[in-house]
Amino acid sequence: MRLDQMEPIVKRFYEGLEENKFYGRRCKECGAIEFPPHLACNACGYHETEWCEVSGHGRLIDFMVPGPQNDKPYLREVGKYAYGAVELDEGPQYTYVIFGISKKSAPQIRARLMAHETVGVHARVIDRPSYKELCFELD
Ligand SMILES: [Zn+2]
């Protein structure tokens, strides 16, 4: 595929966020889903993927409460948050901002993860000055 024939996949992803829809790419060879979307499959390396919609629901795998060096005031205005790894119901894993976790509640959430309890999360799209940002929030 030539570069000028490639679809601007980032555009479709952000257009989806405007409508609270979450677009990923499904591998035509192995069925793995890439979310956020990539043009090629990271699971098997196949080059052909197609658009699919994902639920925006998943589970928290791990998290880290921000410290002074990586705290973002615009996120704190929305609510207490952490940075966390999420596995979507459809399989793909990625790191996002997770609302609903504070320094105070962190030990309790950590204990649930250590006990192999499912800590559910869902997508929460927040407004930025010129675009939408995909974050997650505890169920
Ligand atoms: Zn694949």
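**Around the zinc site and outward**

Let's start at the metal: four cysteines, Cys27, Cys30, Cys41 and Cys44, each give their SG atom to the zinc ion, at 2.3 to 2.4 Å from it. Keep in mind that this is a predicted model. The angles among the four donor atoms run from 107 to 114°, and the site is tetrahedral. Along the sequence, the donor residues follow the spacing C-x2-C-x10-C-x2-C. Cys41 counts as buried because its relative accessibility is 4%, while Cys44, at 40%, counts as partly exposed.

Now zoom out for a moment. The protein chain has three helices and eight strands, and from the N terminus on they run α-β-β-β-β-α-β-β-α-β-β. Its C-alpha atoms fill a box of roughly 50 × 35 × 25 Å along the principal axes. Of the 139 residues, 37% count as buried. If you take the contacts between residues at least 6 apart in sequence, 49% of them join residues at least 24 apart.

Back to the strands, then. Three of them form an open antiparallel sheet, in the order E2-E1-E3. Strand E2 (33–34) and strand E3 (49–54) are the edges, each pairing on one side only. Helix H1 (residues 9–18) packs on this sheet, where it touches E1 and E3, and its direction makes about 140° with that of E1. Strand E1 covers residues 22–27 and is joined to E3 by six bridges, the two running antiparallel.

Is Tyr23 buried or exposed? With a relative accessible area of 13%, Tyr23 is buried, because the cut-off for that class is under 20%. Leaving aside residues up to four places away in sequence, Tyr23 touches Arg12, Phe13, Gly16, Phe35, Pro37, Trp51, Cys52 and Glu53. For a sense of scale, pick Ile126: it is 103 residues from Tyr23 along the chain, and the two C-alpha atoms are separated by 17 Å.

Next stop, strand E4. This strand pairs with two others: over three bridges with strand E7 (residues 120–127), in the antiparallel sense, and through six bridges with strand E5 (residues 81–88), again antiparallel. Gly58 shows both pairings. Its bridge partner in E7 is Val121, and in E5 it stands opposite Leu88.

Which residues of H3 are buried? They are Ala106, Ile109 and Leu113. Looking down the axis of H3, these buried residues fall within an arc of 70°, so they line one face of the helix. That set packs against strand E4 (57–64) and strand E8 (132–138). On the other side of H3, Pro107, Gln108 and Met114 are exposed.

Key
Residues are numbered from 1 along each chain as its sequence is written. This is a predicted model: local features need pLDDT of at least 70, side-chain atom pairs count only at pLDDT 80 or more; totals for chains, interfaces and linings use all residues. Side-chain values use heavy atoms; hydrogens and water are left out. Two strands pair if DSSP finds at least two bridges between them. Helices (H or I, at least four residues) and strands (E, at least two) are DSSP runs, numbered from the N terminus. Contact means heavy atoms within 4.5 Å. Axes are lines fitted to C-alpha atoms, for helices over the stretch in contact, and angles run from 0 to 180 degrees between N-to-C directions. Buried means under 20% relative accessible area, exposed over 50%, partly exposed in between (1.4 Å probe, protein chains only). The arc is that of the directions from the helix axis to the C-beta atoms. Donors are N, O and S atoms within 2.8 Å of the metal (3.2 Å for Na, K and Ca); water is not among the atoms, so sites may look incomplete. Four donors count as tetrahedral if all angles lie between 85 and 135 degrees; four count as square planar and six as octahedral if opposite donors are over 155 degrees apart and all others between 65 and 115; anything else is irregular.
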